[in-house]
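Grab a pencil and keep the viewer open. Each exercise below gives you a task and then walks through a solution.

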Amino acid sequence: MIFRILCVLLSAAVLPASAAETYPLTIGNVTLEVPIPEGYVAASESEEHYQTLKFQQGAQGNEVLAVFVPAERTNTEDDYNHALGIAMLRKFRDRDCTKEELEYARREMNDKIAPMADKVGQQAGVAVSAQPIHDFSDRHFSFSMRLAVPGKEGCTVTSMALIRGRMWYFFAQNGEGASPEDLIGVKEISKNWLGSIIANNPSDEATLARENSDGLLSFTYTGAIAGAIAGAVIGLVVKLTKKSPRRR
């Protein structure tokens, strides 16, 4: 029931993105103004669960940049059952990226998502069912996964998005269920939240020119794709198994 309420609140909250409270997120010389969905608050980096996420993501080459949790908090790890997160592959921190590269990553993801998800799941000790990319544009693509251990299951949606010249990962998860209804709810939250972020952060003329230039396709995207998949699993691994995946 709580998750359905959050879905409704988020759907309403993103209609005028400019009216939402925003969270400034700065990486180098790039700043995102991230709309905070109604019913959510920014988690503190000092929280133990946040630190666990940072450690586990870091082992996969990712950097956790922000986490948002339901405002109705219990001050326990259960606050992260319906978390939203932003991360970035460290290699992308100071690197301009292009729409051509995003499209290349999307095509590569279609072929690699299932075997890579299986590998990460085996390392983490969870059963992973990866779903095909279900939503994409010239700014993003999104895919989903179901994770399960005996007696527990969850689902997550991950997006790779090109915003203000940088490549970002966005995560939305439900750590309490993986039914078709649960997955539909996470997809809705993810789509609405990411849509508000993209709308709230248009590229300036110079950045847009770089985004539309020819991509440096000699740069390997295997690590970027693996980082997105590992990041999708990691948030729920904390909830379902309480242990860290091994380094790739």
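Predicted model: local features only at pLDDT ≥ 70, side-chain atom pairs only at ≥ 80, totals over all residues.

Strands, as the word is used here, are DSSP runs of E with at least two residues, numbered from the N terminus.

**Exercise 1. Get an overview: how many helices and strands does the protein have, and what share of its residues is buried?**

Step 1. Go through the secondary structure: there are six helices and ten strands.

Step 2. Turn to burial. A residue is called buried under 20% relative accessible area, exposed over 50%, and partly exposed in between. Of the 248 residues in the protein, 54% are buried.

Step 3. The accessible surface is about 10,800 Å², and carbon and sulfur atoms account for 52% of it.

Step 4. Finally, ask how far contacts reach along the chain. Take the contacts between residues at least 6 apart in sequence: 69% of them join residues at least 24 apart.

**Exercise 2. Work out whether Ser144 is buried or exposed, and list what it touches.**

Step 1. The relative accessibility of Ser144 is 1%, so it counts as buried.

Step 2. Skip the neighbours within four places in sequence. Ser144 is then in contact with several residues, including Ser129, Ala130, Gln131 and His134. Thr156, Val157, Leu183 and Lys187 are also among its contacts.

**Exercise 3. Classify the ring pair of Tyr23 and Phe68: is it stacked or edge-to-face?**

Step 1. Know what to look for: a pair of aromatic rings is described by the distance of the centres and the angle of the planes.

Step 2. Count the pairs. The structure holds four aromatic pairs. In the pair of Tyr23 and Phe68, the ring centres are 5.4 Å apart and the planes make an angle of 85 degrees, so the pair is edge-to-face.

Step 3. Locate both partners. Tyr23 is in strand β1 (residues 22–27) and Phe68 is in strand β4 (residues 62–70), so their pairing ties together parts 45 residues apart in sequence.

Step 4. Compare their cover. Tyr23 has 24% relative accessibility, so it is partly exposed, while Phe68 has 0%, so it is buried.

Step 5. Widen the view: Tyr23 and Phe68 belong to one aromatic cluster with Phe170 and Trp193.

**Exercise 4. Describe the surroundings of Phe136: which residue lies over the face of its ring?**

Step 1. Find Phe136 in strand β7. Its relative accessibility is 48%, so it counts as partly exposed.

Step 2. Look above the ring. Arg106 lies over the face of Phe136, 4.0 Å from the ring centre.

Step 3. Phe136 and Arg106 are 30 residues apart along the chain, with their C-alpha atoms separated by 8.5 Å.

Step 4. List the contacts. Leaving out residues up to four places away in sequence, Phe136 touches Arg106 and Phe141.

**Exercise 5. Trace the polar contacts of Glu211: which side chain does it meet, and which backbone nitrogen does it reach?**

Step 1. Start in helix α5 (residues 205–211), where Glu211 lies. At 1% relative accessible area, Glu211 is buried.

Step 2. Follow the side chain. A polar contact of 2.6 Å links Glu211 to the side chain of Arg139. The Glu211 side chain also reaches the backbone nitrogen of Gly165 at 2.8 Å.

Step 3. Inspect the partner. Arg139 sits in the loop between β7 (135–136) and β8 (140–149). Its relative accessibility is 13%, so Arg139 counts as buried.

Step 4. Look at Arg164, one of the residues in contact with Glu211. Arg164 is in the loop between β9 (152–163) and β10 (166–174). Its phi is near 50 degrees, a positive value in a residue other than glycine. With a relative accessible area of 26%, Arg164 is partly exposed.

Terms used. Residues numbered from 1 in each chain as written. Heavy atoms only, no water. Phe/Tyr/Trp six-rings, centres within 6.5 Å; stacked < 30°, edge-to-face > 60°. Helix = DSSP H or I, 4+ residues; strand = E, 2+ residues; numbered from the N terminus. Buried < 20%, exposed > 50% of the residue type's maximum accessible area, 1.4 Å probe, protein only. Lys NZ or Arg CZ within 6 Å of the ring centre and 35° of its normal. Contact = heavy atoms within 4.5 Å. Areas by Shrake-Rupley, 256 points an atom, 1.4 Å probe, with all protein chains shown as cover. Polar contact = N/O pair within 3.5 Å; in protein donor to acceptor, adjacent residues only side chain to side chain.
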